[in-house]
Amino acid sequence: MSEQPRVRTTEGVVEGRRRGGQVAFRGIPYAQPPVGRLRFAAPAPPRPWEGTRQAARFGPLGPQSVPVRAPSAKGTDWLTLNVCTPDPSAAGLPVLVWFPGGGYMTADSSDPMYDPTALAEAGLVVVSVNYRVGAEGFALLDGAPPNRGFLDQIAALHWVQRNIARFGGDPDLVTVAGQSAGAGSVAALLTMKPARPLFRRAITHSVPGFHCTPALARQVAAALADRLGTAPTAEAFGDIAPQRLADEVTALGADLPRHQQSWGRLAHVGIAVCPVVDGEVLGETPWTALSSGRASGIELLAGHMRDEFRLFSVMTGRRGTFTDEDARTALDLLAPAPGGPDAYRAAHPRATPEELLETVFSDATFRMPSLLLAEANATAGGSSYLFELGLASPALGGSLGACHSLDVPLAFGTMDSPIGKQLFGDQPPPEAVAVSRELRQAWVRFVTTGDPGWPAYHPDQQLTRILAAESQTVPYPEHTSRRIWAGRPPAPFDLDLTES
């Protein structure tokens, strides 16, 4: 049996495993475990170790706020990353750093949907990162830095700069990438001065428009503290067992409808804890930072799904049941003010209540934040490349459409993963195989050269790649929504609905 590959990092030697033609190193710490005195603190540099550290298994997950907990490795080493490389002895390979999504409530780099094999076979060094989520990562607590999950990501990028050349990668050719909350993380990193020198390009799939004002975030933390019988401080929360805290965030999420009058849009989208525009770690939203010139543009590949909201309406069993009142509430809460609800009704005079609701939810949560990020990045001097996934999932009789998360197994080439099979079946249709190949090649080409293979987006032409059974490059297809949202980027969730 051949000796397993070893790499000496700045902290010590790690031993990986050969997987086909690649080498995988898993569970490498990029910061100390954020427990004890380090709980709710900024990430601390990892401690060096003697001897050889086995890097054969994924690191343990930090507490995840989800209704059903998946089994995870035991331990408190929550801040780890994984590296898959074509060849540790190579030099100058392009690097993709992946931040998993999950509504800022979960983030699991070990999900088989994120298997990097196909991307590594194409010549990329792929790094995937676990970071703090839920209350551990994003609750606004007295005595703790805000947005600790983002600080974790920056710490991981510092690790990449120190070490990725030892795995065959080029530290000057790093692309950060993510989907959903992972894409929201990447969008935030674009505007953070400490982060920008750490990467060259960015990929965002389905950027969410989810941020809180400090006033709302403090009220959410206070409500969470009341449920726990404690105070909304880092010291007090430090006495609460991590999983109990995560479970209480889950329970608060289920209880959000009770808070709709005071928490408005936050309660309606079902996310209890999300990033805070705190003026310290995150000075402003990515859209305002880029469009104002306070952040410079970058080479950006951005995209969204045609039917973003469909996943949630089907999963919750609500599809086919939405009423006029549901549509009116969604328009009043989510359409941009002033005049947004009337603009949607005028633009879609024959739409059913469900069609109106689905359109405004898709726009407000993912489609328009993604489009407006691409436009703001171009305004800031960057090159933006935009796509929309129009390929429908064959699952459930096609009712999912081109829904949220459908793109991930396509980009990673993991339609044979458990989630991939749920979305595409045991035998993916030929058009899905073709779109997967095109999207994956676009990723590899963009990470390597900065060009995914279609023209850059400019506000005058609005050229957009439509990924479908017959892909084509056309003017942006959601032009009606674009007009409604023009000049009105997503505002942070706030207590005063009329002012947000």
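Reader: Which residues does Met 113 touch, not counting residues up to four places away in sequence?
Author: The model is predicted. In it, Met 113 sits in the loop between S7 and helix H1 (117-121). Its relative accessibility is 6%, so Met 113 counts as buried. Not counting residues up to four places away in sequence, Met 113 touches Val 408, Pro 409, Phe 412, Thr 414, Ser 417 and Ile 419.

Reader: What separates the C-alpha atoms of Met 113 and Pro 286?
Author: Along the chain, Met 113 and Pro 286 are 173 residues apart.

Reader: What distance separates the C-alpha atoms of Val 126 and Ile 164?
Author: The two residues are 38 residues apart along the chain. Their C-alpha atoms are separated by 9.9 Å.

Reader: Which elements do the buried residues of H4 pack against?
Author: Helix H4 (residues 181-190) has 10 of its 10 residues buried, so the rest of the structure largely encloses it. The buried residues include Ala 181, Val 186 and Leu 190. They pack against strand S7 (93-99), helix H3 (148-163), strand S9 (169-179), strand S10 (201-205), helix H10 (286-291) and H14.

Reader: Are H12 and H14 roughly parallel or roughly antiparallel?
Author: The axes of helix H12 (residues 324-334) and H14 come within 8 Å and cross at roughly 25 degrees. The crossing is left-handed. On the H12 side, the contact includes Asp 324, Ala 327 and Leu 331; on the H14 side, it includes Pro 353, Leu 357 and Phe 361. Angles under 35 degrees count as roughly parallel, and therefore H12 and H14 are roughly parallel.

Reader: At what angle do the axes of H12 and helix H13 cross?
Author: In this pair, Arg 328, Leu 331 and Asp 332 of H12 meet Pro 341, Tyr 344 and Arg 345 of H13. The axes come within 8 Å and cross at roughly 125 degrees. That makes the pair oblique. The angle asked for is roughly 125 degrees.

Reader: What is omega for the cis peptide bond that joins Ala 337 and Pro 338?
Author: Most peptide bonds are trans. Pro 338 lies in the loop between H12 and H13. The bond joining Ala 337 to Pro 338 is cis, with omega about -5 degrees.

Reader: Where is Ser 180 found?
Author: Phi of Ser 180 is near 60 degrees, a positive value in a residue other than glycine. Ser 180 has 9% relative accessibility, so Ser 180 counts as buried. Its place is the loop between S9 and H4.

Reader: What is phi of Ser 405 near?
Author: Ser 405 is in the loop between strand S12 (383-389) and helix H15 (407-412). Ser 405 is partly exposed, with a relative accessible area of 21%. Its phi is positive, near 80 degrees.

Reader: How many disulfides does a search of the whole structure find?
Author: The sulfur of Cys 274 is 3.4 Å from the closest cysteine sulfur, in Cys 212, so it is too far for a bond. Cys 212 is buried, with a relative accessible area of 3%. Cys 274 is buried, with a relative accessible area of 3%. Over the whole structure, the number of disulfides found is zero.

Key
Residues are numbered from 1 along each chain as its sequence is written. This is a predicted model: local features need pLDDT of at least 70, side-chain atom pairs count only at pLDDT 80 or more; totals for chains, interfaces and linings use all residues. Side-chain values use heavy atoms; hydrogens and water are left out. A disulfide is a pair of cysteine sulfur atoms within 2.5 Å. Buried means under 20% relative accessible area, exposed over 50%, partly exposed in between (1.4 Å probe, protein chains only). Axes are lines fitted to C-alpha atoms, for helices over the stretch in contact, and angles run from 0 to 180 degrees between N-to-C directions. Helices (H or I, at least four residues) and strands (E, at least two) are DSSP runs, numbered from the N terminus. Angles under 35 degrees count as roughly parallel, over 145 as roughly antiparallel, 65 to 115 as roughly perpendicular and the rest as oblique. A crossing is left-handed if the near helix is turned anticlockwise from the far one by less than a right angle, and right-handed if clockwise. Contact means heavy atoms within 4.5 Å.
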